[in-house]
Amino acid sequence: MSVDNLQKYYSDKIKEGYSSKTVRSIETIINSALDMAIKMRMISENPNLYTTILKKIKYEAAVLCKEEVNRILTQARGEELYPIVITTVYSGMRKGEVMALKWGNVDLEERKIYIKNSLCRVVDEILDDEGHRHARYVILEPKTKKSIRMIPMLDEVYDALMEQKRRQDAEKVKKQRNLSRPRISICGLHRELFSTETIYGQVPSFFEKVWYYKYSVS
C-alpha cells in the first residue's frame, strides 16, 4: 500500500460524492489499521500520514435567465409533461420533489405547496447472483429539515396544476367508460395520468433537456 494509492482512493471518494467528513472517518479507520500493522512489524512506515483529504467542491446551481425559461416552455408546450415542467421551472422545486408531490400537499385555495417528500433512486446494498446491484425509485422524506418547506404558488404554477387536475379527471372518465386500461400510479399528483413508464422514462429524459437545454440551443 503506497501513498499514491491511498491518495487516489480518498480523492475518488470525494469525486463520487462522499462528504469530506465521511472520507475522514474512512481515513481514521485505515490509519488505525496501518498503525497496528507497524506495531506488528508488518510495515515500517504508515503511508497514510502523507495523504490529504480534499474538500468536496461546493455545488453551485445554474440560474436560468428569462430567455432560457421562455425557450424551455416553448420546448415543453404540447408535451404530456407540460404541467410538471411549468411547476418545476416556476417553483424552484427539485426534480424528485416535483415527482413525489401529492394532492394532499397542494393547497389550491391558499395557493401553497408543501414539500414533504422526494422521489429518490436507491441502490440495493446486496449484490445479485451475477454480482450486480439493482436500483429502484422510492418516495422518501427529505434528508434535512430545511428541505421540508412551503412554497408560494405563482399564477403559472396554479394554472399548470389545474390543467393537471383536468387531465386526471378526463382520465377517470375514460376509465369508468372502459375506454382505456388503468395506469399504475407512483405519485399522488400524477395519479392515473402518468404511468410508471412515463415517470422512469419520459420525465428523466425530458428534465435532462430542461436542465441542459441552454447548452444545446445555438
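The model is predicted. The protein chain has 7 helices and 5 strands. Of its 218 residues, 33% count as buried.

**Overall fold**
- From the N terminus, the elements of the protein chain run α-α-α-α-α-β-β-β-β-β-α-α.
- Take contacts in the protein chain between residues at least 6 apart in sequence: 57% of them join residues at least 24 apart.

**Helices H1 and H2**
- H1 spans residues 3-15 and H2 spans residues 20-39. They pack at an angle of about 155°, with axes 9 Å apart.
- The crossing of H1 and H2 is right-handed.
- On the H1 side, the contact uses Leu 6, Tyr 9, Tyr 10, Lys 13 and Ile 14. On the H2 side, it uses Ser 20, Val 23, Ile 26, Glu 27, Ile 30 and Leu 34.
- An α-helix has 3.6 residues a turn, so residues three or four places apart point the same way.

**The tyrosine pair in H1**
- The count of aromatic pairs comes to 1.
- Tyr 9 and Tyr 10 form this pair, with ring centres 5.8 Å apart. Their planes stand at 65°, an edge-to-face arrangement.
- Tyr 9 is partly exposed, at 35% relative accessible area. Tyr 10 is buried, at 1%.
- Both tyrosines are among the H1 residues that meet H2.

**Helices H4 and H6**
- H4 (residues 82-91) packs against H6 (residues 155-176) at an angle of about 155°, with the axes 9 Å apart. That makes the two helices roughly antiparallel.
- The contact takes in Tyr 82, Pro 83, Ile 86, Thr 87, Tyr 90 and Ser 91 of H4. H6 supplies Glu 156, Val 157, Ala 160, Leu 161, Glu 163, Gln 164 and Arg 167.
- H4 crosses H6 in a left-handed sense.
- H4 is mostly covered, with 7 of its 10 residues buried. These are Pro 83, Ile 84, Val 85, Ile 86, Thr 87, Thr 88 and Ser 91.
- Just after H4, Gly 92 takes a positive phi of about 75°.

- Arg 111 sits in the loop between strand S1 (106-107) and strand S2 (112-115).
- Arg 111 is not a glycine, yet it has a positive phi of about 55°.
- Arg 111 lies over the face of Tyr 158, at 3.7 Å from the ring centre.
- Arg 111 is partly exposed, with a relative accessible area of 31%.
- Arg 41 also has a positive phi, of about 60°, although it is not a glycine. Arg 41 is in the loop between H2 and helix H3 (66-76).
- Arg 41 is exposed, at 78% relative accessibility.

**Ser 118 in strand S3**
- Ser 118 belongs to strand S3 (residues 118-123).
- Its relative accessible area is 16%, so Ser 118 counts as buried.
- Leaving out residues up to four places away in sequence, Ser 118 touches Gly 96, Glu 97, Ala 100, Val 138, Ile 139 and Leu 140.

How values were computed: Residues numbered from 1 in each chain as written. Predicted model: local features only at pLDDT ≥ 70, side-chain atom pairs only at ≥ 80, totals over all residues. Heavy atoms only, no water. Phe/Tyr/Trp six-rings, centres within 6.5 Å; stacked < 30°, edge-to-face > 60°. Buried < 20%, exposed > 50% of the residue type's maximum accessible area, 1.4 Å probe, protein only. Lys NZ or Arg CZ within 6 Å of the ring centre and 35° of its normal. Axes fitted to C-alpha atoms, helices over the stretch in contact; angles between N-to-C directions. Helix = DSSP H or I, 4+ residues; strand = E, 2+ residues; numbered from the N terminus. Parallel < 35°, antiparallel > 145°, perpendicular 65-115°, else oblique. Left-handed = near helix turned anticlockwise from the far one by under 90°. Contact = heavy atoms within 4.5 Å.
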